[in-house]
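Colleague: I would like to learn how to read the features of a model. Please take them one at a time, with the general idea before the case.

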Amino acid sequence: MEFQIKNSTIITKQKAECLVISIDSGKSQSDFVKEIDKSTNGLVSQLIKSGDISHELGKTTLLYATSSNLKQKLLFVGCGNAKAFDLMQAQKVIQAVIKELLAKKIKSIAWDLLNVNHTNSLQIAKQLPQIVSDITYQFDEFKTTKTPAPSLTKVTLLVSEKSILTKLTNNLLQGEIIANAITATKTIANMPSNVCNAKYLAEQGKQLSKVHPSLKVTCLGEKELAKLNMNAYLAVGRGSQNESIMTIIEYQGAKDKKAQPYVLVGKGLTFDSGGISIKPAAGMDEMKYDMCGAATVYGVMQAVAELKLPINVVGVMAGCENMPDGNSYRPGDILTTMSGTTVEVINTDAEGRLVLCDALTYVERYNPKTVIDIATLTGACIVALGHHYTGVMGNNDKLVAQLVSASQKAGDKAWALPIDNEFQEQIKSTCADIVNAGGRDGGTITAACFLSRFTEKYQWAHLDIAGTAWKSGSQKGATGRPVAMLIQYLLDQ
């Protein structure tokens, strides 16, 4: 897909199959026609009759030009009232336009942003590649019949003022990079577990470093993890024939190579059967998505390298598989973590926090500025926030607020949840320091409380993406969230 920005005041001069014209519903039909006359030399208004064009947000009307002076099709899209236009409305407008164009198999468009204000133009430029990519994405690697390529191949955005051309171009480029990162995340996350194991994640990391030499990749197998006393991490993978491997991706973009890095730690359970505390059969196929945290780290690190961000970033993909076996860890076992904290295993299906706790201890060595872990950690998060919001918790209010702010800018919703001392009481053990499951009440928060015991030496936030990382049912597949939010957070830094 080719995206570009052009400085032009006449939309009809563009060589495109279809012209997309934005309508401000706050203006009367006559005012709208006057504006269109300016940008089309009076040609388009000849085709508009009162009532033919909907001004309602997200509603589209496709007209076929009959004038010999205008060969293109015309697609009018209602943008609502310009004064109330925001990111969510921009997303709705773009989705409506792209779906209409794909349904009509249109190949190229010129989109008139001549009458859209600067802020809204910038939002549309950044969101457009992401939404086009999301709508046209297909995971057909294992299908014998491949999905035909989308008809739309070229999108040109038109602006009249040269003063915002650079900003628009930068936003469009950022949008493309984010879209590619989300696509990469979805493709890795959608891979079946008989293909995607910890070794596969490691290989993907190595391949990424070949494409982007600014990335350094280190892979730690079970021997290395054992030397580091990462016993909780190793216990989870003990029942699997696939080796547990932690893949570390380092990026140094800051002028000061010793500057404190931003660290991302992704849960990479490439399949989670629940172990001895085995899950019900229904929906277990979706447990291949229990590595969406690790896939998110991959996508973000790809974007960081492409954006050439002037900061240092470390990404950790904590690859592992939780399977029942004669060698599996059991409920009642007591594990000594890398930090020395002991954990009584109550439920082997609360395994993600056992992998993460050792990984979070490991990253202390980087003297991190902030650490953010990303994990499909608790079904309780779906009960609390549905499939709309990612749960955000942490030990630093400013960091949590920055992530929520980034989610709003990116259109990738997140909501802050508390970690109070009252919840810490639920993870006390009678025979060890803590238990790995604090019961049903406040399950998302008690899981974060568990992780907080291993993050006291730095600023830390936890993203529970159990409800947002994938969709079930007929639309089953990874969503690529929260890649956009995390890239926005890093851009803000």
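**Reading the model**

Modeller: Buried means under 20% relative accessible area, exposed over 50%, and partly exposed in between, with a 1.4 Å probe and protein chains only. Here buried residues make up 59% of the 493 residues in the protein. This is a predicted model, in which local features need pLDDT of at least 70, side-chain atom pairs count only at pLDDT 80 or more, and totals for chains, interfaces and linings use all residues. Residues are numbered from 1 along each chain as its sequence is written, and side-chain values use heavy atoms, with hydrogens and water left out.

Colleague: How many helices and strands does the protein have?

Modeller: Helices (H or I, at least four residues) and strands (E, at least two) are DSSP runs, numbered from the N terminus. The protein has 14 helices and 19 strands. As for overall size, the radius of gyration is taken over C-alpha atoms, and the globule rule is 2.2 Å times the number of residues to the power 0.38. The protein has a radius of gyration of 25 Å, close to the 23 Å from the rule for 493 residues, so it is as compact as a globular protein of that length. Along the principal axes, its C-alpha atoms fill a box of roughly 80 × 50 × 45 Å.

Colleague: What share of the contacts with a separation of 6 or more comes from residues 24 or more positions apart?

Modeller: Contact means heavy atoms within 4.5 Å. In this protein the share is 78%.

Colleague: Which way do the residues of E2 point?

Modeller: Cys18, Val20 and Ser22 point one way from E2, Leu19, Ile21 and Ile23 the other way, and all are buried. With six of its six residues buried, strand E2 (residues 18-23) is largely enclosed by the rest of the structure.

Colleague: Which strand runs parallel to E2 and is joined to it by six bridges?

Modeller: Two strands pair if DSSP finds at least two bridges between them. The strand with six bridges to E2 is E4, where phenylalanine 76 stands opposite isoleucine 21. E2 also pairs with strand E5 (residues 108-112) in the parallel sense, over four bridges. Leucine 19 has alanine 110 as its bridge partner in E5.

Colleague: In which sense do E14 and E17 pair, parallel or antiparallel?

Modeller: Strand E14 (residues 390-394) and E17 pair in the antiparallel sense over four bridges, and glycine 394 has alanine 461 as its bridge partner in E17. Strand E13 (residues 370-375) runs parallel to E17, joined by five bridges; there, alanine 375 is partnered by aspartate 464 of E17. Five of the five residues of E17 (residues 460-464) are buried, so this strand too is largely enclosed by the rest of the structure. Trp460, His462 and Asp464 point one way from E17, and Ala461 and Leu463 the other way.

Colleague: Where does alanine 84 lie?

Modeller: Alanine 84 is in the loop between strand E4 (73-78) and helix H2 (87-103). Its relative accessibility is 45%, so alanine 84 counts as partly exposed. Its C-alpha atom is separated by 9.6 Å from that of glycine 26, 58 residues apart along the chain.

Colleague: Is glycine 299 buried or exposed?

Modeller: Glycine 299 counts as buried because its relative accessibility is 0%. Its place is in helix H8 (residues 292-307). Leaving aside neighbours within four places in sequence, glycine 299 is in contact with Ala181 and Thr185.
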